[in-house]
Each structure stands twice: as structure tokens, then as C-alpha cells.
Amino acid sequence: MSDTLTDRGRAKADRRAALLSAAARLFADRGYAGVTLEELGQAAGVSGPAVYRHFPGKAAVLAAILADASRGLLDGGRRTIAAAGEPAGALRDLIRFHVDFALANADVIRVQDRDLGSLDEADAHEVRRLQREYVELWVGVLARLRPDRAESELRIRAHAAFGLVNSTPHSARIHGRRPADRVVRGILEDMAWSSLTS
């Protein structure tokens, strides 16, 4: 019986993940306002009404996309720092972690850029809280690496590095095609390191 419940729970989690992935892709392409719940369900291979088994409405889908991504960054950032040794290694690992996120989640980043303002106040507050905590992880590592710099400067550097890394995977195109991830990854890691440590 417990195996059945576990299988059922796993299947539900998989359907939720498929819905969020489809929603991120659609919202990135057409904007939150340009997608119906029925279209979201169809893109995920379920009926529109079946979406309600996972989310109370389209606004909850948007909130889940952005909150899940923000929570994933914060949790992953904490794990990355905990596993690192000295500050320079921690910063290199954080950069690698964030570049990997940006390359794998360009749709989510586009949704964040365009549709964060569509969240209700409570959801927007939660997403911003998670993101502020993530920024402060970086500021803490930078402060250990550069104790001679003011925290306000380090925070600006962190935000600038996020802007660089987050904008590139969905904007860099050569003749309409995105370069290979390994090419983009190396460039982004080097540029982020330089912007954070210069």
C-alpha cells in the first residue's frame, strides 16, 4: 500500500513539474497574460480542468514557477557554500552554480523579468524575500574575499553579475542560434568572476 502511495505521490510531483515546465515555456514565449489555463494544460498533456488538481489557478502557477526557482537558488547556494572551503573557491562554485541555473532555466528567467509584477502582493513578497536572501549569500562570500570593500559595493557587484549571467542565455544568439552551453558557460564564468573581484 505504501509503495502505491509513494508511486502516486511521485506521479503527482512529476505532473506538477511538467505543468510548471510547460507554463514557464509558454509564459516566456507569450507572457503570463497571453496564456490560458486550458493552453497550459494542453502543453503539459492534461486537460485544462486537470490543472486545478495541482494549482488553484493560473496565478498560483506563476507564483510556483518563481518561488520554486528562487527557493532552489537559495537552497543550492547554501549547499554550495557549505561544501566549499576558502572564499575564492566558494565564489567560483557559486558562479558555476548560478551559470548552470541560468543555462538550464532561461524560460524561468524571462518569466521573472517580464511577469514578476503579475504576482499578488503576498507571492511577490515571498519571491523577493527568497531572492534577497540569495543575494546576501553572495555578499557574505564576497565580504570574506574582499573585506576592504563596503557591503553596499559588494551587493551592487552581486546584482551586476546576476544581470550579466541571467540575461545572456536567453539573449545571446549567433545567426538566430544560441551558442553551445560549454562556450557560453566559460565566457559567463570568466566575466562574472572579473566583475565580482576586480
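A residue is termed buried when its relative accessible area is under 20%, exposed when the value is over 50%, and partly exposed in between, with a 1.4 Å probe and protein chains only. The structure is a predicted model, in which local features need pLDDT of at least 70 and side-chain atom pairs count only at pLDDT 80 or more, whereas totals for chains, interfaces and linings use all residues. Residues are numbered from 1 along each chain as its sequence is written, and side-chain values use heavy atoms, with hydrogens and water left out.

The chain contains nine helices and zero strands, where helices (H or I, at least four residues) and strands (E, at least two) are DSSP runs numbered from the N terminus. The order of elements from the N terminus is accordingly written α-α-α-α-α-α-α-α-α. Along the principal axes, a box of roughly 55 × 50 × 35 Å is filled by the C-alpha atoms. Of the 198 residues, 41% count as buried. A contact is defined by heavy atoms within 4.5 Å; among contacts between residues at least 6 apart in sequence, 71% join residues at least 24 apart.

The chain exposes about 10,500 Å², of which 53% is supplied by carbon and sulfur atoms; accessible areas come from the Shrake-Rupley method with a 1.4 Å probe, and for residues only the protein chains shown count as cover. There are 29 positive and 26 negative side chains, and the centres of the two sets lie 3 Å apart. In this count Lys and Arg are positive and Asp and Glu negative, with His and the chain ends not counted, and each charge is placed at NZ of Lys, CZ of Arg, CG of Asp or CD of Glu.

Glycine 57 is situated in the loop between α3 (48–51) and α4. Because its relative accessible area is 15%, glycine 57 is buried. Beyond residues up to four places away in sequence, glycine 57 touches Leu37 and Tyr52. Helix α4 (residues 58–83) includes threonine 80, and alanine 69 also lies in α4. Threonine 80 has a relative accessibility of 13% and therefore counts as buried; alanine 69, at 13% relative accessibility, likewise counts as buried. With residues up to four places away in sequence set aside, threonine 80 touches Asp93, Leu94 and Phe97. On the corresponding basis, alanine 69 is in contact with Ala64, Phe101 and Val108. A separation of 14 Å is found between the C-alpha atoms of alanine 69 and leucine 19, which are 50 residues apart along the chain.

Alanine 88 is placed in helix α5 and is partly exposed, with a relative accessible area of 23%. Apart from residues up to four places away in sequence, alanine 88 touches Leu145 and Trp193. Alanine 88 and aspartate 120, 32 residues apart in sequence, are 39 Å apart from C-alpha to C-alpha.

The largest pocket has a volume of about 420 Å³. Its lining comprises 19 residues, of which Leu73, Gln112, Gln131, Phe162 and Asn166 lie nearest the centre. Two or more lining residues are given by each of α4, α5 (87–104), α6 (106–115), α7 (121–145) and α8 (151–171). Helix α7 provides the largest share of this lining, five residues. A pocket is here an open set of points, on a 1 Å grid over the protein atoms alone, where a 1.4 Å probe fits, with protein on both sides within 12 Å along at least five of seven lines; lining residues have an atom within 4 Å of a point. Grid points are joined across faces, edges and corners, and the volume is the space filled by probe spheres set on the points.
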